[in-house]
Amino acid sequence: MLVHSVFTLNGQTKEPLGLLHQNVFVRQGWFPEKEKYYHRFKRSRESEKWFKGCRDVQKHLPRQTKVIEIADREADIFFLLKEITEAGQGFVIRAAKNRSTLDGYLFEDIKNAGLLGSGQIHVARNGNRKARIATVEIRACTVTARF
C-alpha cells in the first residue's frame, strides 16, 4: 500500500498549513515495457496521483491563491505540466525529460545557467549500488516550455 500526500505551507511565512490531499493506493504490478502509448491511457495508472493532487488543490483553495507545485522527477509528465500551467499555477519539478523550450532544450538551458553553489553529499547504499559521495551543483533559470 502506498500513500501520496499533498502538504501545504504559507509561502510568505513558511508556516505549515497541513495536509490538503491524500491518495492511498495499492501498486498493481508492472506492465509490459513495449506497451503502446495509447494502451497506457486506456488503463488506470499510478501517475494519476499527481493529477488528483493537483485538482484537489485547485478545488480546495480560493481561486486567487498562488499555488506552486513542488515535486520530484516522477511528476515530470507533459499533460500534468500543461494542466498546472493552464490553471495559472506554477511548478518546480525536478526534470526527467529534456523538454523543448523557447530557447532550445531544457538540459542545455540549465547547463548555461549561472552556478549558484556546489557541494558533496553522501548517498546511501541502495540494493546492489554501493554508497558513494556525489558532487552536486545548484543552478536555476526560468524557462518557457513549449506546449
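Reader: What share of the residues in the protein is buried, and what makes a residue count as buried?

Author: Buried residues make up 24% of the 147 residues in the protein. The word buried stands for a relative accessible area under 20%, exposed for over 50%, and partly exposed for anything in between, with a 1.4 Å probe and protein chains only. This is a predicted model, in which local features need pLDDT of at least 70 and side-chain atom pairs count only at pLDDT 80 or more, while totals for chains, interfaces and linings use all residues. Residues are numbered from 1 along each chain as its sequence is written, and side-chain values use heavy atoms, with hydrogens and water left out.

Reader: Which helices and strands does the protein have, and what makes a stretch a helix or a strand?

Author: There are four helices and eight strands, and along the sequence they follow the pattern β-β-α-α-β-α-β-β-β-α-β-β. Each is a DSSP run numbered from the N terminus: H or I over at least four residues gives a helix, E over at least two gives a strand.

Reader: Which residues of helix 2 are buried, and what do they pack against?

Author: Lys49, Trp50, Phe51, Gly53, Cys54, Asp56 and Val57 are the buried ones. They pack against strand 1 (2-9), strand 2 (16-25), strand 3 (68-71) and helix 3. Packing here rests on contact, that is, heavy atoms within 4.5 Å.

Reader: What makes a group of residues a nonpolar core, and which residues form the largest one?

Author: The members must be buried Ala, Val, Leu, Ile, Met, Phe, Trp, Tyr or Cys residues, joined through side-chain atoms within 4.5 Å. The largest core has ten residues: Trp50, Phe51, Cys54, Ala71, Ala75, Ile77, Leu80, Leu81, Ile84 and Ile93. In soluble globular proteins, nonpolar side chains tend to be buried together. Take Ile77: leaving out residues up to four places away in sequence, Ile77 touches Ser47, Trp50, Phe51 and Arg99.

Reader: Is Gln89 buried or exposed?

Author: Its relative accessibility is 11%, and the limit is under 20%, so Gln89 counts as buried. Gln89 sits in the loop between helix 3 and strand 4 (90-93). Apart from neighbours within four places in sequence, Gln89 is in contact with Cys54, Val57, Gln58, Lys66, Val67, Glu69 and Ile84.

Reader: Why is the pair Asp56 and Lys59 called a salt bridge?

Author: A salt bridge needs a side-chain nitrogen of Lys or Arg within 4 Å of a carboxyl oxygen of Asp or Glu. For Asp56 and Lys59 the N to O distance is 3.4 Å, so the pair qualifies. Both lie in helix 2, three residues apart, about one turn of the helix. Asp56 is buried at 17%, whereas Lys59 is exposed at 63%.

Reader: How many salt bridges are there in the whole structure?

Author: A search finds seven. Among them is Arg99 with Asp76, at 2.8 Å from N to O. Arg99 lies in the loop between strand 4 and strand 5 (100-101) and Asp76 in the loop between strand 3 and helix 3, so this pair ties together parts that are 23 residues apart in sequence. Asp76 has a relative accessible area of 8%, so Asp76 is buried.
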